[in-house]
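Trainee: Could you take me closely through one part of this model, the strands and the aromatic rings packed around them?

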Amino acid sequence: NSRNLYIGRADPSYAGYFFDGQIDDVRIYKRALSAVEIRELYGSPPPAAVYHIDGVAGNDSNDGLSRETAFKTIQKGIDASEDGDEVVVWPGLYQEAINFKGKAIAVKSAAEPAVIEAAGMDAVTFHAGEGPGSVLKNFIIRNSGMAVSTNYGSSPTIRSLTIVNNDFGIGAYEDSDPNISNCIIWDNKYGDLFGCEARYSWVQQELEPDLEDPNGGLVSHWAF
């Protein structure tokens, strides 16, 4: 239309309606900008992506961005993700070893806990100095070498896991300090926890009596 455009104030015939300050960047477009263009213009980070994993119906050639186009393996979801993203794993048995590769992402079951098995291997590894933003939540890990291995100063968040029938439970080495809570760690052949503690958890080596230690078997790291 032919009406005048006033930047920083209303029509001058209406006294007092103006912007009391300075404007140093003015851009006029003939169209509405897309959400992506606005984020790029203001330097905002892209929204977090959610990658879906379905061991039954998924395919690693998919894009992983919905359950209908889910990846097949957890590691593919981790490889595709960036810091701040989520990897959501639908129920099923996943016979693979996974590595967080230093990424600050959340890997969690979508509904009932998915099962991870990695015979003779470390099922889940945090070996790149991961911090609390690297989250592993709501899985059953069984029939593996070590269920969760943390190394090289890693301090991931580990929650709501059932770790049973492995050679080893959770290990923390080389100044690693994982935050472990709300877990069941039981019946692991050579021990449950190595160099770390679990809060609000059931841990067999802490609950069952130690016949060689009269003070052994005390409940020391769980509460409800």
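Mentor: Two strands pair if DSSP finds at least two bridges between them, and strands are DSSP runs of E with at least two residues, numbered from the N terminus. This is a predicted model, in which local features need pLDDT of at least 70 and side-chain atom pairs count only at pLDDT 80 or more, while totals for chains, interfaces and linings use all residues. Residues are numbered from 1 along each chain as its sequence is written, and side-chain values use heavy atoms, with hydrogens and water left out.

Strand 8 (residues 135–142) runs parallel to strand 5, with 3 bridges joining them, and K108 has K137 of strand 8 as its bridge partner. Strand 6 (residues 114–117) is also joined to strand 8 by 3 bridges, again in parallel, and here A114 stands opposite F139. Between strand 8 and strand 10 (residues 157–164), which run parallel, there are 7 bridges, and K137 stands opposite R159 of strand 10.

As for the rings, the structure holds 4 aromatic pairs (Phe, Tyr or the six-membered ring of Trp, centres within 6.5 Å; planes under 30 degrees apart are stacked, over 60 edge-to-face, the rest tilted). F100 and F126 form a tilted pair, 4.4 Å centre to centre with 35° between the planes. Because F100 lies in the loop between strand 4 (98–99) and strand 5 (106–109), and F126 in strand 7 (residues 122–126), the pair ties together parts that are 26 residues apart in sequence.

Methods
Helices (H or I, at least four residues) and strands (E, at least two) are DSSP runs, numbered from the N terminus.
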